[in-house]
Amino acid sequence: MSEREQLLLPIADDELVLGWRNSEWTGIAPFLEEDVAFSSIAQNEIGHARALYQLVAEELGTTADELAFDRSPDEYRHSHLVELRLVPDWARTIARHVLYEEADAKRIAALKASDDVEVAGLAAKIDREEAYHRMHAGMWRERLQGEPRFAEALEELRPLLDEPGTTEFAELWEEMTMVRRSVAGATW
Amino acid sequence: MVTEAQVWDALAEIADPEIPVISLVELGVVRDVEVENGRVRVGFTPTFLGCPALEVMRDQMAAKVRELGAEPEIEVIADDSWSTDRITPEGREKLRDAGFAPPAPRGSAAPQLVQLQRGTFRCPYCGSTDTKLENIFGPTPCRSLRYCSSCRQPFEQFKTI
């Protein structure tokens with residue numbers, strides 16, 4: 001496995017899977033502003049996944065779409081945290097958002113210092129967009145501070161950041177890849 | 001023989017697919033143009049990585065170069081070279097005229113929530129600075145939503161990135 005693959009695939013998988021989960025709030029978030037926010041964040045995360053897959057794909061002689069959708073579920077390297085289906089639990093959704101953005105900020109900062117100029121450049125670009133995700137997560141962390149459900153959710157979910165994805169991901173994978181698998185040989 | 005200036009002029013005719021009042025050149029996404037032996041290479045920097053208009057922009061640039069009788073090569077450069085500071089002064093005015101408040105200049109660090117909440121943002125309709133942040137996010141990744149308390153009009157504010 002190449003260095004880029006090792007470094008970037010887990011991040012790309014996290015962003016794809018979390019983007020997918022966040023998009024599940026589209027149309028049903030507790031209020032309109034959050035409907036817009038979660039949809040927009042989801043769109044950004046999937047955009048980041050695509051750009052990261054692209055860097056790996058160039059090295060492997062494949063495409064971003066093939067990496068995103070043509071692997072088997074057990075080949076994905078996302079964390080347990082991002083694969084959970086949390087709709088309609090808003091407290092746990094915000095807890096995940098806060099935990100993920102904190103961890104992601106550290107990871108992106110490390111990538112910005114990479115010797116691989118393409119990786120460092122992309123990380124800096126991603127970071128510009130993530131600044132708005134962090135603002136949003138910070139705003140909610142403040143708003144829900146002291147709420148028991150939120151505190152419990154943080155405790156429950158924090159350890160999952162460092163755990164690998166589980167076999168439960170297979171169900172989401174089915175949904176994510178359904179369209180692509182339904183048309184043999186199609187290019188998107 | 002196509003010249004670089006002709007290519008820039010042709011690219012300046014392409015409207016942004018989502019906000020057609022501004023051209024791709026005014027948006028600052030065309031980083032450089034090189035012409036060599038009938039081939040034209042255009043360096044193109046995406047705005048937001050998840051922007052669905054990126055493919056459309058790329059295809060439109062390729063089509064424009066072909067119209068000039070040259071073979072296009074559009075190189076997508078996903079690095080840190082685009083920021084909202086690259087939108088030209090003319091582009092900013094056109095955005096404002098169309099009801100989009102142009103992005104504030106970027107400081108040395110990423111913008112903070114407190115700046116969005118307390119900073120001065122001018123309503124593109126009436127010019128008042130009595131406006132407040134409604135939502136960090138908006139209808140597309142590049143915009144936030146604000147409300148003008150003076151003319152009682154919600155408006156879209158370009159994010160600074």
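1. In which sense do strand 6 of chain B and strand 7 of chain B pair, and over how many bridges? They pair in the antiparallel sense, over six bridges. Strand 7 covers residues 153-158. Two strands count as paired if DSSP finds at least two bridges between them. Helices (H or I, at least four residues) and strands (E, at least two) are DSSP runs, numbered from the N terminus.

2. A note on the basis. This is a predicted model, where local features need pLDDT of at least 70, side-chain atom pairs count only at pLDDT 80 or more, and totals for chains, interfaces and linings use all residues. Residues are numbered from 1 along each chain as its sequence is written, while chains are lettered from A and ligands numbered from 1 in the order in which they are written.

3. Strand 5 (residues 131-135) runs antiparallel to strand 6 (residues 143-148), and four bridges join them. B:T131 has B:C148 of strand 6 as its bridge partner. On the strand 7 side, B:S144 is bridged to B:Q157.

4. Look at the hairpin of strands 6 and 7 of chain B. Four residues lie between the strands. B:R152 sits in this loop. Its phi is near 55°, a positive value in a residue other than glycine. B:R152 is exposed because it has 10 other C-beta atoms within 10 Å. The cut-offs: buried means 20 or more other C-beta atoms within 10 Å of the residue's own, exposed 12 or fewer, partly exposed in between, with C-beta atoms placed from the backbone.

5. B:N37 also deserves a check. It lies in the loop between strand 1 (30-36) and strand 2 (39-44) of chain B. Phi of B:N37 is positive, near 50°, and the residue is not glycine. B:N37 has 7 C-beta neighbours inside 10 Å, so it counts as exposed.

6. Chain A has a cis peptide bond. It runs from A:V87 to A:P88, with omega near 10°. A:P88 is in the loop between helix 4 (80-83) and helix 5 of chain A.

7. Now the helix pair of chain A. The axes of helix 5 (residues 90-112) and helix 7 (residues 148-157) come within 8 Å and cross at roughly 55°. Helix 5 of chain A is therefore oblique to helix 7 of chain A. Axes are lines fitted to C-alpha atoms, for helices over the stretch in contact, and angles run from 0 to 180 degrees between N-to-C directions. Under 35 degrees is roughly parallel, over 145 roughly antiparallel, 65 to 115 roughly perpendicular, and the rest oblique.
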